[in-house]
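I am keeping notes on what I looked up in this structure. The entries follow the order in which I checked things.

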Amino acid sequence: MTAGPTPRRIALLSVHTSPLAQPGTGDAGGMNVYVWQTATRLARRGVEVEIFTRATASTDEPVVQAAPGVTVRNVVAGPFEGLDKRDLPSQLCAFSANVLRAEAAQDPGHYDLIHSHYWLSGQVGWLARDRWGVPLIHTAHTLAAVKNASLAGGDAAEPMLRIVGEQQVVDEADRLIANTDTEASELVEMYGADRSTIDVVVPGADLDRYSPGDRMAARAELGLRPDDVFVTFVGRIQPLKAPDVLVAAMAPLIKADATGRLRVMVVGGPSGSGLAQPSALIDLAAQLGIADRVDFLPPQPPERLAQVYRASDVVAV
């Protein structure tokens with residue numbers, strides 16, 4: 001791909017989840033972090049970024065100056081509460097209309113580029129691309145065909161609605177961003193994408209925040225015993241993430257541990273299909289007889305999450 005001029009301003013679309021939401025619960029997760037870091041890093045390079053996301057509370061301000069060079073626009077599309085992510089295709093028309101209205105209120109040529117995240121946003125980006133006459137860059141984050149090919153136990157298959165919607169976005173986007181070479185191959189093999197339109201951009205890490213530190217100080221801050229051995233899971237609690245596999249695998253090790261120091265720490269909240277049985281992981285620990293050796297922490301803000309990692313002996317992914 002030949003590099004073009006640096007864009008002045010990008011419309012970044014994240015329909016189903018806001019980068020301002022706390023990762024680890026609901027639909028907020030790694031994509032939120034990805035979107036936020038992408039926006040702030042672009043802003044540091046002098047590119048203005050306006051993020052469009054669906055408002056989920058009446059208290060959401062229509063426009064938030066979230067960081068220097070980064071604006072978040074909370075778009076009203078459907079009721080603030082009660083809509084599952086699978087209900088959101090019914091609100092894409094309302095969301096798209098408000099995105100187009102926001103652009104129409106500006107001088108012509110307000111945005112130089114659209115970057116959509118997840119297939120719902122890609123559908124909006126496709127329409128905006130045709131209306132504004134600017135390129136559409138799309139990052140899928142997850143793909144229905146890949147998920148359906150290896151469903152976790154208890155998880156529901158992604159519907160045909162999403163598969164068709166993803167295929168349309170893959171066909172229409174000017175460029176596709178894949179996180180790995182494997183994802184790029186999946187786009188080609190499962191969706192017929194043109195490999196020459198795919199750029200692999202490996203996600204980075206915030207090394208300013210997530211760096212080695214004092215383990216004992218981190219444990220003291222979190223209220224953990226200094227001599228315990230912690231195996232930690234961080235993420236949304238749902239079958240796809242498989243924290244139950246970790247708990248089940250740790251059970252015999254914990255029972256064989258004569259020191260009584262081996263523990264599991266789970267950090268996150270129920271999400272997706274995990275909402276159907278929000279206490280399933282707690283119940284599993286009890287059934288396996290290790291409830292007193294499994295610690296559950298709610299989703300943590302970034303600065304405290306860094307302490308969780310420092311406090312851990314092993315992080316299970």
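Entry on aromatic pairs. I searched the whole structure and found three aromatic pairs. I counted rings of Phe, Tyr and Trp (its six-membered ring) as a pair if their centres lie within 6.5 Å, with planes under 30 degrees apart taken as stacked, over 60 as edge-to-face and the rest as tilted. The model is predicted, and I used local features at pLDDT of at least 70, side-chain atom pairs at pLDDT 80 or more, and all residues for totals of chains, interfaces and linings. Residues are numbered from 1 along each chain as its sequence is written, and side-chain values use heavy atoms, with hydrogens and water left out.

I looked up Phe52 and Tyr111: the ring centres are 6.2 Å apart and the planes stand at 75°, so this pair is edge-to-face. Phe52 sits in strand 2 (residues 48-54) and Tyr111 in the loop between helix 2 (92-104) and strand 5 (113-117), so the pair ties together parts 59 residues apart in sequence. Helices (H or I, at least four residues) and strands (E, at least two) are DSSP runs, numbered from the N terminus. Phe52 and Tyr111 are both buried, where buried means under 20% relative accessible area, exposed over 50% and partly exposed in between (1.4 Å probe, protein chains only). Ring pairs also bring in Trp132, giving a cluster of Phe52, Tyr111 and Trp132.

Entry on strand 2. I found six of its seven residues buried, so strand 2 is largely enclosed by the rest of the structure. Strand 1 (residues 9-14) runs parallel to strand 2 and is joined to it by six bridges; two strands pair if DSSP finds at least two bridges between them. Arg9 has Glu48 of strand 2 as its bridge partner. Strand 4 (residues 70-75) is also parallel to strand 2, again with six bridges, and Thr71 of strand 4 stands opposite Glu50.

Entry on helix 5 and helix 6. How are two packed helices described? By the angle between their axes and the distance between the axes. Helix 5 (residues 160-172) and helix 6 (residues 181-191) pack at about 110°, with axes 11 Å apart. The axes are lines fitted to C-alpha atoms, for helices over the stretch in contact, and angles run from 0 to 180 degrees between N-to-C directions. Helix 5 and helix 6 are therefore roughly perpendicular (65 to 115 degrees; under 35 is roughly parallel, over 145 roughly antiparallel, the rest oblique). Contact means heavy atoms within 4.5 Å. I noted Ile163, Glu166, Gln167, Val170 and Asp171 on helix 5, and Leu187, Met190 and Tyr191 on helix 6, as the residues making the contact.

Which order do its four strands take? I read 11-10-9-12, with parallel pairing. Strand 11 (294-297) and strand 12 (314-315) are the edges, each pairing on one side only. Six bridges join strand 9 (residues 229-234) to strand 10 (residues 262-267). Helix 8 (residues 243-256) packs on the sheet, touching strand 9 and strand 10, and its direction makes about 170° with that of strand 10. Helix 10 (residues 302-311) lies across strand 9, strand 10, strand 11 and strand 12, at about 140° to strand 9.

Entry on Val245. I placed this residue, Val245, in helix 8. Is Val245 buried or exposed? Val245 is exposed, at 51% relative accessible area.
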